[in-house]
Amino acid sequence: MLTTNLALAEKYDYLSEKFQKAFAFLRETDLEALPVGNVPIEGDEIYANVQSYTTMNAVECPFESHRLYFDIQYMADGEEIFGYEPASNLTPSTEYDSEKDLMFYEEPKESGAILLKKGDLAIVLPEDAHAPRRMSGNGPCRVKKIVVKVKV
C-alpha cells in the first residue's frame, strides 16, 4: 500500500532500482532469523532497521518524519495501528535532528491510520509524518518490524 497526495504522485519513482533492491531484500531474506539492529543492504543508500517491541497507547507514540530517507515499514510479525499525516499539516514538537534524520510532532486532532498486520507494508515519503508502534483494539501486541530505509 502506498498513499500520497496526487501532487506528489510523480515526484518519486517507486519502481526505481533502489526500491526494487529493498523489496527483494524483504522477499528473499529470512526475516525471522534477523537480529534486532541495522542490516546493510547497499551502504547508506539502502539499509534495514530490524525492530522488536510491544505496541503501546497512542499517546506514547508520537508522529515523526525523516527528510533523507523513505521508510518501507514491513510487519514481519504482529500488528499495529500505523498513523500517517502530511508533515505540513502538523505542528513540530522538536527541532529536526540531522544526525538522526528525525523530527517529532504534536498529536493532531485528526489523522489517517491503517492497521498493519503480518506481511503488510507501508511506504512513507519524506513529506509524510507517521506514528508507528500504536496498539490496535486487541491490546498490546509483540511486533517484529523491518524498516527498510531508502535514501531519497
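## Close-up views of a predicted model

The structure holds zero disulfides, a disulfide being a pair of cysteine sulfur atoms within 2.5 Å. This is a predicted model, in which local features need pLDDT of at least 70, side-chain atom pairs count only at pLDDT 80 or more, and totals for chains, interfaces and linings use all residues. Residues are numbered from 1 along each chain as its sequence is written, and side-chain values use heavy atoms, with hydrogens and water left out.

View 1. A disulfide is a covalent bond between the sulfur atoms of two cysteines.

**View 2. Glu17 and Lys21 pair within helix 1.** Side chains of opposite charge can pair when their charged atoms come close. A salt bridge is a side-chain nitrogen of Lys or Arg within 4 Å of a carboxyl oxygen of Asp or Glu, and the structure holds eight of them. In the one between Glu17 and Lys21, the closest N and O atoms are 3.2 Å apart. Both residues lie in helix 1 (residues 17-28), four residues apart, which is about one turn of the helix. Helices (H or I, at least four residues) and strands (E, at least two) are DSSP runs, numbered from the N terminus. Glu17 is exposed at 56% relative accessibility, whereas Lys21 is partly exposed at 30%.

**View 3. Glu42 forms a salt bridge with Lys21.** The closest N and O atoms of this pair are 2.3 Å apart. Glu42 lies in strand 1 and Lys21 in helix 1, so the pair ties together parts that are 21 residues apart in sequence. Glu42 is partly exposed, with a relative accessible area of 29%. Through shared partners, salt bridges join Glu17, Lys21 and Glu42 into one network.

**View 4. Glu45 forms a salt bridge with Lys18.** Their closest N and O atoms are 2.7 Å apart. Glu45 lies in the loop between strand 1 (37-42) and strand 2, and Lys18 in helix 1, so this pair ties together parts that are 27 residues apart in sequence. Glu45 is partly exposed at 26% relative accessibility, and Lys18 is partly exposed at 24%.

**View 5. The largest pocket has a volume of about 230 Å³.** Of the 13 residues that line this pocket, the closest to its centre are Asn49, Gln51, Glu64, His66 and Lys149. On a 1 Å grid over the protein atoms alone, a pocket is an open set of points with protein on both sides within 12 Å along at least five of seven lines, a cavity is a set where a 1.4 Å probe fits but cannot get out, and lining residues have an atom within 4 Å of a point. Grid points are joined across faces, edges and corners, and a volume is the space filled by probe spheres set on the points. Strand 2 (46-54), strand 4 (69-77), strand 9 (128-134) and strand 10 (142-151) each supply at least two lining residues.

**View 6. The largest cavity holds about 80 Å³ of space.** Eleven residues line this cavity, with Thr3, Phe82, Tyr84, Ile123 and Val124 nearest its centre. Strand 8 gives the most to the lining, with three residues.

Notes:
Buried < 20%, exposed > 50% of the residue type's maximum accessible area, 1.4 Å probe, protein only.
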